[in-house]
Amino acid sequence: MARPQVPAPAAPLRTPKPVIGLAVGRGTGPEVADVFEHVLGALTARHPYGVAVERSPRLYHSYVSLRAERDVDRIRALTAEDADHYERFCRTRAEQGTEAIFRTAVNAQSLYLVRQRLRAVKVDLLSDAGRSLLLVRDQAQGFYTGDNRHTPGQVTRTMAFSQEITEAVVTYALRRARHEWPDGRLDRIVMAYKFHLLDGALDAWVAELADRLGIRIDLCQPDTVNRNLITHGLPDRTLIVAGNEWADIMHVMLLDRFGSDRQENRCTENVCLDPGLAGLVEYQTVHGSADDLAGQDRVNPVATIRAAALVAERHAGCPGAVRAAEQALRTLDERGVHTPDLGGRHSTTAVVDALLDVLDVPELDVLDVPELDVPEADGTPKDAALVGGP
């Protein structure tokens, strides 16, 4: 007589509790991180499974804290240690399913070493008066990347450009443009690079890619883009893919032409194109480490509040978080609740407390929260967020 088949016990359901990474630098980093955790906690309070924050165990250096070392070799060693540690943190979080990390400001050289290794691009969607501009900054190659070699009285910086990375950056930028403008209208694609320094190689790569995709890409010198911006402005629905050295300098000008907000109030995102990171998105404030304000409870929290709202909505299953945060910020504006850099007299803590008092956290429909966090047949998790977007 055959033995009856006993069904295997059902595997327990795994609740899809979002895990958000947090990396903290020196200066005002600890204060900014506290703001992020408080606001994220408030915005996700109605999530049925909660939201976990996984903080990196290392406190990363700012440029000011490194300068205090007063020894070039020591600064180089600490820079490398910070870069190696943060790269490992990003890769580990991505391997464990984390979609997003919030990072406070850290030393630029360490940061750009990581961005080079993870093939990162920075994304800014600027809009004002019915016009919009998508700026994708190439952080994976160029003059901001590379290594320094020191000899007596000289620093030699070595960097590289590659066709593979150029195509990856442009391809991502086009995909992001389709996401931001789903009606398909894209008036112009501009690349702003110092391409004349590369012996025609970048020209050839871009021309080949444009032919393959059947699109027009205007490869321009940065000064040409600047003249057109000043003389004519840029048409609506312009996608600019830019070398980071130009985009970093021009960000304030582009905000002036295409955005109505101060740079210090903005957050931005860095998307990792390295295949091993599955589109991990790193959010940051645009302002720096502000070491001169450390411990004074005076750092402007607006950009951090906006970053927390983006993370809550895009990566923690809390639709409406961005709208709720913006409405609360408008209420604070009407009441004149600002830190001193914005002409106010309130501390960081006072601004955040006031925001939490007026924050109207939207109801969360539990039917929108998946019961199972299991991958599809191709290995993609259910309800996976679009790379770098909501």
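A charge is said to sit over a ring if NZ of Lys or CZ of Arg is within 6 Å of the ring centre and within 35 degrees of the ring normal. In this predicted model, the charged end of Arg-115 sits over the ring of Tyr-112, 4.9 Å from its centre.

**Aromatic pairs**

- The structure holds 5 aromatic pairs, and one of them is formed by Phe-36 and Phe-102, whose ring centres are 4.4 Å apart with planes at 5°, so the pair is stacked.
- Because Phe-36 belongs to helix H1 (residues 29-43) and Phe-102 to strand E3 (residues 100-103), this pair ties together parts that are 66 residues apart in sequence.
- Phe-36 is buried, with a relative accessible area of 0%, and Phe-102 is likewise buried at 0%.
- The rings of Phe-143 and Phe-161 have centres 6.0 Å apart and planes at 75°, so this pair is edge-to-face.
- Phe-143 is partly exposed, with a relative accessible area of 30%, whereas Phe-161 is buried at 17%.
- Tyr-60, Tyr-86 and Phe-89 together form one aromatic cluster.

**Thr-145**

- Thr-145 is found in the loop between strand E5 (131-138) and strand E6 (147-151), and it is buried, with a relative accessible area of 1%.
- The side chain of Thr-145 reaches the backbone oxygen of Gly-142 at 2.6 Å.
- Beyond its neighbours within four places in sequence, Thr-145 is in contact with several residues, including Tyr-112, Gln-116 and Arg-157.

**Asp-218**

- Asp-218 lies in strand E9 (residues 218-220) and counts as buried at 12% relative accessibility.
- Setting aside neighbours within four places in sequence, Asp-218 is in contact with Arg-188, Ile-189, Val-190 and Met-191.

Definitions and conventions. Residues numbered from 1 in each chain as written. Predicted model: local features only at pLDDT ≥ 70, side-chain atom pairs only at ≥ 80, totals over all residues. Heavy atoms only, no water. Helix = DSSP H or I, 4+ residues; strand = E, 2+ residues; numbered from the N terminus. Buried < 20%, exposed > 50% of the residue type's maximum accessible area, 1.4 Å probe, protein only. Polar contact = N/O pair within 3.5 Å; in protein donor to acceptor, adjacent residues only side chain to side chain. Contact = heavy atoms within 4.5 Å. Phe/Tyr/Trp six-rings, centres within 6.5 Å; stacked < 30°, edge-to-face > 60°.
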